[in-house]
Amino acid sequence: MCSYLVMDCFGTLLQNGRGVLDSKYLIGLGSYDITGHAADWMLQIPGATSYICCIGKDKFGEEMKKNSKLAGVNVQYYEDESTPTGTCAVCFVGHKRSLVANLLAANCYKSEHLKRPENWALVDKAKYYYIAGFFLTVSPDSIQLVSEHAATHDKIFMMNLSASFICEFYKDAQEKFLPYVDFLFGNEAEAKTFSKVHGWETENVEEIALRLSRWPKASGTHKRIVVILTQGVDPIVVAEDGKVKTFPVVLLPKDKIVDTNGAGVAFVGGFLSQLVQEKPIEDSVRAGCYAAKVIIQRPGCTYPEKPDFN
């Protein structure tokens, strides 16, 4: 899977993409929403997760609010008056995909919104925090507020490498917050880019996971980072307490795969659903795989009414 940021000449196409070529047009949720949706669905507790980000005051923003509510996610959107809601085009060739994002309002979040009493109350109440690496490009001061709060109050703070370009071009920002991270998610391509940027001279995913887990901690609940790296159909790599474990991925027949979009963030949501219940890491990985397996068999990052997971 490849991710790209859109050039100006394609912005109109993404804002008015209905009916382009032989396209399917779905208004769904952002990547953070999908993670929250997956966790809520696995837990069967509507509103178990809360999500804060930025949308525009437009039809896409209204759809985001509606779909998030239907998904059971408690959203507190900052609505930008002058910038449209971000969009993303997904191009499929067989089961391979490329994403072209037009971030727009997603780039406009302000920490002042997070500091509002009604929003900070959600931060104060929560025990687990998950922020994708993409947010490093938007509001690092918001990340600092949450990460320092988590460390001070012995709560769990988690991040995702999110994309190779984040590891490459936002290296300093990434390094600033890694000492606060208790759980770090990513995939093999992002891990290899991280290794290259830091001069580790290895593409061995298990070795990279172990080295990431030994990153010096500023403070926090865990003395070391727990690193979880997915590799598509290859085993999931987990580095924890100085050791590496691998977990096989149960493959689906190709004819059952409908839409691979959202599989990675759904994995995180499934993982978190067990983590918040203080289940063993093995159960968290298994739940992550289950959530991802379900979502790729359905169009548009959706789930059936109830999970069949035990």
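What follows is a chat about a predicted model of one protein chain.

Colleague: Hi! Before we dig in, how many helices and strands does the protein chain have?

Modeller: Hello! In this predicted model, the protein chain has 12 helices and 11 strands.

Colleague: And what percentage of the residues count as buried?

Modeller: There are 310 residues in the protein chain, and 47% of them count as buried. As for contacts with a separation of 6 or more, 68% are between residues 24 or more positions apart.

Colleague: Let's talk sheets. What is the strand order in the open sheet of 6 strands?

Modeller: The order is β6-β7-β8-β9-β10-β11, and the pairing is mixed.

Colleague: Which strands stand at the edges?

Modeller: Those are β6 and β11 (243-247). Each has a single partner strand, so one side of each has no neighbour in the sheet. From one strand to the next, the twist averages 15°.

Colleague: How many bridges join β7 to β8?

Modeller: 3 bridges join them, and the two strands run parallel. β7 covers residues 156-160 and β8 covers residues 183-187. If you want a pair to click on, methionine 158 has phenylalanine 183 in β8 as its bridge partner.

Colleague: Which strands does α9 touch when it packs on that sheet?

Modeller: α9 touches β7, β8 and β9 (226-231), and its direction makes about 105° with that of β8. Helix α12 (residues 281-295) lies across β8, β9, β10 (234-240) and β11, at about 145° to β10.

Colleague: Now β2. Why is it described as largely enclosed?

Modeller: Because 5 of its 7 residues are buried, β2 is largely enclosed by the rest of the structure. It is joined by 7 bridges to strand β3 (residues 74-80), and the two run parallel. Along that pairing, isoleucine 55 stands opposite glutamate 79 in β3.

Colleague: I was looking at histidine 198. Does it count as buried or exposed?

Modeller: Histidine 198 has 18% relative accessibility, so it counts as buried; the cut-off for buried is under 20%. You'll find histidine 198 in the loop between α9 (188-197) and α10 (205-213). Setting aside neighbours within four places in sequence, histidine 198 is in contact with Lys171, Glu175 and Trp215.

Colleague: What about glutamate 201, where does that lie?

Modeller: Glutamate 201 also lies in the loop between α9 and α10. At 80% relative accessibility, glutamate 201 counts as exposed. Its phi is positive, about 55°, although glutamate 201 is not a glycine.

Colleague: What is the phi of aspartate 154?

Modeller: Aspartate 154 has a positive phi of about 55° too, and it is not a glycine either. Its place is in the loop between α6 and β7, and with 56% relative accessibility aspartate 154 counts as exposed.

Colleague: Last one, lysine 306. Where is it found?

Modeller: Lysine 306 is found in the segment after α12. It counts as exposed, at 56% relative accessibility.

Colleague: Which residues does lysine 306 touch?

Modeller: Not counting residues up to four places away in sequence, lysine 306 touches Trp41 and Gln44. C-alpha to C-alpha, lysine 306 and methionine 42 are 7.7 Å apart in space, while being 264 residues apart in sequence.

How values were computed: Residues numbered from 1 in each chain as written. Predicted model: local features only at pLDDT ≥ 70, side-chain atom pairs only at ≥ 80, totals over all residues. Heavy atoms only, no water. Helix = DSSP H or I, 4+ residues; strand = E, 2+ residues; numbered from the N terminus. Buried < 20%, exposed > 50% of the residue type's maximum accessible area, 1.4 Å probe, protein only. Contact = heavy atoms within 4.5 Å. Pairing = 2+ DSSP bridges. Axes fitted to C-alpha atoms, helices over the stretch in contact; angles between N-to-C directions.
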